Amino acid sequence: MCGIVGYVGEKNAESILLNGLRKLEYRGYDSAGVAIINKKGEMNLAKSKGRLANLEDKLKQNPLEGSVGIGHTRWATHGEPSDLNCHPHTNQKKTISVVHNGIIENYLELKEYLISKGYEFYSETDTEVIPNLIDYYYKGNLLEAVMEATSKIEGSYALGITSVDEPGKVVAVRKDSPLIVGIGKGEYFIASDVPAILNHTRDVVYLNDKEFVEMTKEEISFYSKEGKKLEKDIHHVTWNADAAEKGGFEHFMIKEIHEQPRAIRDTMASRIIPGKPISIDNIALTKEQIKNIEKIYIVACGTAYHAGIIGKYVIEKMARIPVEVDIASEFRYRDPIFSDKTLLIVMSQSGETADTLAALREAKAKGVRVVAITNVVGSSVSREADDVLYTWAGPEIAVASTKAYTTQLITMYILGLFFAQNKNTMTSAEIEDIKNSMLTLPEKAEEILKQKEVLQKFAENTYMHKDMFFLGRGIDYAVAMEGALKVKEISYIHSEAYAGGELKHGTIALIEKGTIVIALATQNDLYEKMLSNVREVTTRGAKVLGLTVEGNNSIEKTVDSALYVPQVNSVLLPVITVISLQLLAYYIAAAKGCDIDKPRNLAKSVTVE
Ligand code: F6R
């Protein structure tokens with residue numbers, strides 16, 4: 001769960017690597033380092049614990065010359081964040097340096113073997129075995145030594161490697177961790193993600209597992225693990241560099257919250273067109289295959305899992321197919337029941353989440369068809385699934401997911417309608433009705449973004465609390481879960497979501513004078529029942545923010561403050577409601593002075609188990 005970059009060319013490698021690492025800090029930010037080879041063929045390293053700014057300060061004092069190098073921003077797995085554990089790691093002779101994203105599962109075994117051959121180790125990391133293993137196999141060809149070393153390594157890795165014995169070169173390889181290659185003019189790049197190189201090139205090659213790249217400023221070559229030369233396609237990235245910047249907002253999170261009307265519109269584009277059947281690019285499922293589906297699993301983690309819970313409501317309601325939603329880390333070990341009538345949907349913003357990817361592989365190995373919903377083109381889940389439905393949210397940099405969630409909801413509606421259309425479980429008029437309602441969502445989302453003042457006021461009165469409860473029934477309960485996650489991850493306030501009717505079975509014991517409760521009551525058929533649940537907590541002294549649809553003004557008799565969301569088809573309301581909760585979480589964290597884009601202990605992309 002780290003970010004890696006690499007450069008070969010004519011320019012100053014230090015600034016290119018630092019610039020790239022800045023864009024990758026969302027992948028980890030407990031330490032950072034670079035290794036740069038100068039014109040004399042000497043390799044110099046600079047490392048620093050803490051944020052990238054520390055490394056930048058160090059390099060300002062002692063700049064590193066050279067136009068070949070690798071860099072790393074770390075999120076610790078093996079060994080605490082420290083200068084010693086920070087990457088790049090070198091072999092004992094300090095001739096080879098390596099940056100690594102992933103986990104080497106058999107590193108202890110390899111370490112013992114290398115120690116028996118006279119090697120010494122200095123860090124607590126799994127990574128340090130890699131440069132030493134490469135050194136062990138080095139017989140005058142870096143690429144061959146890397147191939148030999150990686151054939152002995154078990155686990156996940158994206159690696160960038162340099163050596164003073166071949167000073168004008170960077171070698172890289174990936175397995176189960178992301179890595180892309182940037183193609184410039186007389187210069188080449190490697191990076192964990194596209195934004196790291198967008199300032200230099202938009203031409204990108206996506207590496208598959210166990211593919212190698214060898215690059216000098218003159219040429220670049222790709223190889224299979226057997227050493228066979230590969231022809232790789234170059235993809236032109238359409239995101240511009242600005243899309244990955246904050247664009248005038250204080251944090252990426254608030255910028256991304258405000259991008260939702262655009263993201264929702266983009267995700268519907270070409271799929272939801274009035275008067276035309278739903279069409280989904282990259283989904284090859286036939287009508288017969290859809291009719292044949294008897295069971296769907298939706299598997300994901302965190303926020304994507306919460307979107308999956310809404311997906312269950314939506315697909316069951318629209319297409320009348322039973323859906324089970326699972327947390328990926330549980331699903332992969334629970335021996336789920338599959339048949340040839342099962343469909344697995346994996347949902348992952350990054351497309352690289354280790355548990356989600358493992359669930360996909362488990363299902364595929366058992367012959368189950370897999371549809372991936374992801375935001376990252378070329379990501380691992382998109383390449384390994386049978387069918388892909390992309391969310392067009394654009395790069396999501398803030399650790400707390402916002403626009404990825406709302407666009408995941410949109411894909412759930414699209415899939416639900418697509419299945420319904422093929423199974424005839426809804427009439428064309430009913431489908432058209434929902435489609436038309438969906439097309440109003442971007443403007444409804446714009447309206448919600450204007451609620452800043454009410455939410456800011458509520459946040460200023462609540463940010464000092466230690467606990468917060470979110471209540472909802474039906475689809476609102478699923479949204480409440482996402483609201484609670486947003487609050488806890490960025491403001492560190494303990495917040496939990498409960499189904500309104502479940503509260504009295506235990507949790508109500510926690511309600512006392514002044515306890516903060518956010519009650520969602522957007523579903524008209526459950527409105528009165530929800531208000532009864534709210535009364536249960538107000539009677540015990542809770543302070544309640546009630547959230548309902550415009551027109552339900554009677555809520556004001558029951559709650560302390562009320563917030564209204566615009567009317568839209570009730571099944572679509574989560575898209576709108578959640579934006580209020582995202583804003584609320586943001587303003588609470590801002591009032592508390594938290595580091596919103598980089599919450600403690602978290603990383604954006606969880607590529608380890
Ligand atoms: C929370 C959050 C995480 C992710 C989870 C899955 O705001 O971002 O809970 O949703 O780690 O990530 P992806 O969707 O990349 O698989």
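Q: At what angle do the axes of helix 7 and helix 15 cross?
A: Roughly 170°. This is a predicted model, so take every value as computed from it. The axes come within 8 Å. Helix 7 covers residues 260-268, and helix 15 covers residues 441-448.

Q: So how are helix 7 and helix 15 oriented to each other, roughly parallel or roughly antiparallel?
A: Roughly antiparallel. The cut-off for that label is an angle over 145 degrees.

Q: Which residues meet there, between helix 7 and helix 15?
A: Helix 7 brings Pro 261, Ile 264, Arg 265 and Met 268. Helix 15 answers with Leu 441, Pro 442, Ala 445 and Glu 446.

Q: How does the contact of helix 7 with helix 15 split by class?
A: There are 6 nonpolar residues and 2 charged ones, with no polar residues.

Q: Next pair. How far apart are the axes of helix 13 and helix 19?
A: They are 10 Å apart, and the packing angle is about 170°. Helix 13 is residues 403-423; helix 19 is residues 573-592. That angle makes helix 13 roughly antiparallel to helix 19.

Q: What residues make that contact?
A: From helix 13, Tyr 405, Thr 406, Leu 409, Ile 410 and Tyr 413. From helix 19, Pro 574, Val 575, Val 578, Ile 579 and Gln 582.

Q: And the classes in the contact of helix 13 with helix 19?
A: The count is 8 nonpolar and 2 polar, with no charged residues.

Q: Which side chains have a polar atom by a ligand oxygen?
A: Ser 348 and Thr 353 are among them. An N or O atom in the Ser 348 side chain is 2.6 Å from a ligand oxygen. For Thr 353, a polar side-chain atom lies 2.4 Å from an oxygen of the ligand.

Q: What about Val 399, backbone or side chain?
A: Backbone. An N or O atom there lies 3.2 Å from a ligand oxygen.

Q: How much of the ligand does the protein bury?
A: 90% of the 410 Å² that the ligand exposes when taken alone.

Key
Residues numbered from 1 in each chain as written. Predicted model: local features only at pLDDT ≥ 70, side-chain atom pairs only at ≥ 80, totals over all residues. Heavy atoms only, no water. Polar contact = N/O pair within 3.5 Å; in protein donor to acceptor, adjacent residues only side chain to side chain. Areas by Shrake-Rupley, 256 points an atom, 1.4 Å probe, with all protein chains shown as cover. Axes fitted to C-alpha atoms, helices over the stretch in contact; angles between N-to-C directions. Helix = DSSP H or I, 4+ residues; strand = E, 2+ residues; numbered from the N terminus. Parallel < 35°, antiparallel > 145°, perpendicular 65-115°, else oblique. Contact = heavy atoms within 4.5 Å. Nonpolar A, V, L, I, M, F, W, Y, C, P; charged D, E, K, R; others polar.
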